[in-house]
Amino acid sequence: MSDLLLQPLGNHCPSCHERFATTQGINAHLSLRTECRRAFKQANAPNRAKAAMQGLTMAQSTGELGDTRMSVEPSQHSPEHYNDFAPAFPLPDPPRRPLSNPTADDREPGPDSARSKRRRVEVEEIPDQEEGGLPRKPWIEDFAGHAGTTFGTAETPFEGIRHAKDQAHESPWAPFESEEEWELARWLVTSGLTQSSIERYLKLKITRERTKPSFESNYMFFKKIDALPGGQTSWTVEVFEAVGDRVGEDGKPRTERVELWKRDIVDCVRELMGNPLFRDAIRYAPERQYADAEGKTRIYGNAWTANWWWDIQLRLPEDATVAPVILASDKTTLSRMSGDKSAWPVYLTLGNIDKAERRKPSAHATILLGYLPVAKLECFSDKRRSLEGYRLFHQCMKSLLGPLIAAGKEGILMTCADGRVRRVYPILAAYIADHPEQCLVSACQENFCPKCPVQPDKRGEPVFSCLKDPKRVAGTLKSAAEGEKPPEFSAWGLRAVEPFWDGLPHCDIFTALTPDILHQLHKGVFKDHLVSWATKAIEDGANEIDQRFKAMLKHPDLRYFKNGISLVSQWTGTEFKNMEKVFLGVIAGAGNERVTRAVRSILDFIYYAHFETHTDDSLDALHKAWKSYHHHKKVFVELGIREHFNFPKGHSTEHYEVGIRALGTADGYSTEHPERLHIDFAKLAYGASNKQATYIKQMTTWLDRQEAVHRFSCYLRWAHSQSAPSCPTAPESEAISQPDAQQGTGSAHEDTHPPGSPQLISDSDEPEMPPDLWERGFQRDFSIPVGTRPSIRRCQVRTGSKSGVKARAVRKHYRRVGTVHGSGSSSRPVPTSVWFQLPT
């Protein structure tokens, strides 16, 4: 059977008959000479199929060096030649000898046999769930209704661009003449060059005589950029005039005009929902994930796995598709060294998009919704200026979010990323902000909790306080505006404003305020408080802490603070995290044991809060760490370091568990993301302006051009992927059908799994592989068992005994071609089989 495969004899190439001194030489020759490699592969093709039927995987090397018989293996060559050596179908594993009673050859290998012995790759079958960890594929409970129902198909934005170019008989890179010219234009826009620098470059002699672009000046260049296909959003400006209580020189009240630059929020939602690049990262229906088959331990991750979306879906019509709107706002300084220019951007993203995708700035899954006015309001007296600033903020936000009222009540038909039309209900679900801005949003004073009605002198106690009721708060504010004095107004520390969230359908602003890991935990509880307390609790304080940091051994995974930490004046989030890794070891043994326990409790809480996936068990551990901190914190009072713990960032830890269960894990709502977006949407945009009075208008123009270039780059990438040769389809006898277009939840889940990952399969027995498919080396069928519960099924590959291919190999080396669907639950069709195609 070993003679079936054609092999080079005596280190001769079977194609050109060139002789080599060693086997390594013939291997290198075949890897470098394409014609010899192809000839060797073609000559071996028929014999390799016969060898596969007899269970042969590789030829064994025998004889002396000069008479070595060998088979060329892909693993012996560079990665780029792998596909040329890979077989067209999987070869079964070779017969294995038992480990007991080894032969004499195995016990005493000689030099020749050692040289000829080949290493065989084996795939180990591993359990689906590691001890103490999460299952690789959770049990899923689908929503009982028809969430995400589709209403036919429509043209996506990228398909519209391609259709328009086909009708106009334009090249893919129009309005540019060639791909090279487009690459040059993209670099000029995204490199950060000023307009004067671009003008100087275009006037260079080498540019005009050798590069010869179709645009000869800065004006013509930006004219072509503005001709690129636009998005679905556009900028408008709304002017507000504030009439103050201060009187001017003419005896009239002083006024101040401010501008609100904004986009239509419904158009922003439409653009995100319809972006084809998010096709595999977007969900249209909620679900519940479990870590056990009994459904007792919930798993929380993205927004669709948490409680808010599920509860909102129950209030809407059966065919509704919820779009959880996530807002973020933060004021930032634009001027450098001198000046007082500032911007107040408001960002928008959707909970439908996977948090791993929307946190990438390069993915552009977050859109700039508008710029709030940063006004000095000098027309008001010092006593009223702060309150009028609160009122101006809520008035501008009401203008920004006004279109959500009708859309959240009636829904809007939108073409989604998969090309299907759905009735989308955009609803404000989350608001990302630091503590001062959370108080601004909730219309309360900063020494009160923005989420619950706890009294300021009780914030340091481990007592549970329910969240505020938005209807009661809105009613109290309305009564105060009419001249009444309700007792809740002062008890809750409210400010006399007209809140923007009053009237938004299905909006609970106090649930929407998300945990802020950066400012509340890293900078607040840890840096501003815990480090200071622990330093004071240790003899010789800061000097001892610095000496202990200096004495640390260097490690590649840990930062070495060679000068200690007491002299560091500017801290970043990364430095906070690096300090937290070693801080417990630094203070251990340096002071009171109860201080060490209190420090450990806080660090445990911070690390639990950082989990990207939570379960009921990990949330219980988070709560225990919170209780442990409150149990041990009194040691700081006994040592005279603290008198009370009534500071807002310490109290905010009480709401983490509730917030994670409602909206998903806290890493998806960290303020680190909008802080990073300030670079792209504020600081770079301001640097491209002339920094005069109209700088906001110039910033919006610059952003439009940046987004147009990015959108066109994404379109070209999408068009290239669409024009690539498609993979082979299944045989006609096993035609692959698509799920019902009207079944919303089925389409919602159909394309959310990455290609190559095992999908849900039926509980039927694995069908026999037709012999002709083995001969052609085409496809192999695998089955996956379904769980016992009707709406919770197990996602795990089960392979036939004849294949010898384990689950890990399937996930790594195969990709999904399609599914054959049969009957299933009302919310998701159950596939009856799945086809995986080998890489070619």
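This is a predicted model: local features need pLDDT of at least 70, side-chain atom pairs count only at pLDDT 80 or more; totals for chains, interfaces and linings use all residues.
Author: Residues are numbered from 1 along each chain as its sequence is written, and side-chain values use heavy atoms, with hydrogens and water left out.

Reader: What makes W182 and F712 an aromatic pair that is edge-to-face?

Author: Rings of Phe, Tyr and Trp (its six-membered ring) pair if their centres lie within 6.5 Å; planes under 30 degrees apart count as stacked, over 60 as edge-to-face and the rest as tilted. A search of the whole structure finds 24 such pairs. For W182 and F712 the centres are 4.9 Å apart and the planes stand at 80 degrees, which places the pair in the edge-to-face class. Helices are DSSP runs of H or I with at least four residues, strands are runs of E with at least two, and both are numbered from the N terminus.

Reader: Why is the pair of F221 and F222 called edge-to-face?

Author: Their ring centres are 5.1 Å apart and their planes meet at 65 degrees, so the edge-to-face label applies. Ring pairs join F221 and F222 into a cluster whose members include W182, F712, Y715 and W718.

Reader: What makes helix α16 largely enclosed by the rest of the structure?

Author: Buried means under 20% relative accessible area, exposed over 50%, and partly exposed in between (1.4 Å probe, protein chains only). In α16 (residues 435-442), 7 of the 8 residues are buried, so the helix is largely enclosed. Among the buried residues are H435, C439 and S442. At the start of α16, a side-chain oxygen of D434 comes within 3.2 Å of the backbone nitrogen of E437. After the helix comes A443, with a positive phi near 65 degrees.

Reader: What is T332 in contact with, leaving aside its neighbours within four places in sequence?

Author: Contact means heavy atoms within 4.5 Å. On that criterion T332 touches S342, A343, P345, H678, A682 and K683. T332 and H678 are 346 residues apart in sequence, with 7.4 Å between their C-alpha atoms. The side chains of T332 and K683 also make a polar contact at 3.1 Å. A polar contact is a pair of N or O atoms within 3.5 Å; within protein, one must be able to donate a hydrogen and the other to accept it, and residues adjacent in sequence count only if both atoms are side-chain atoms.

Reader: How do you know that K331 sits over the ring of W344?

Author: The criterion is that NZ of Lys or CZ of Arg lies within 6 Å of the ring centre and within 35 degrees of the ring normal. The charged end of K331 is 4.6 Å from the centre of the W344 ring. R495 likewise lies over the face of Y390, at 4.1 Å from the ring centre.
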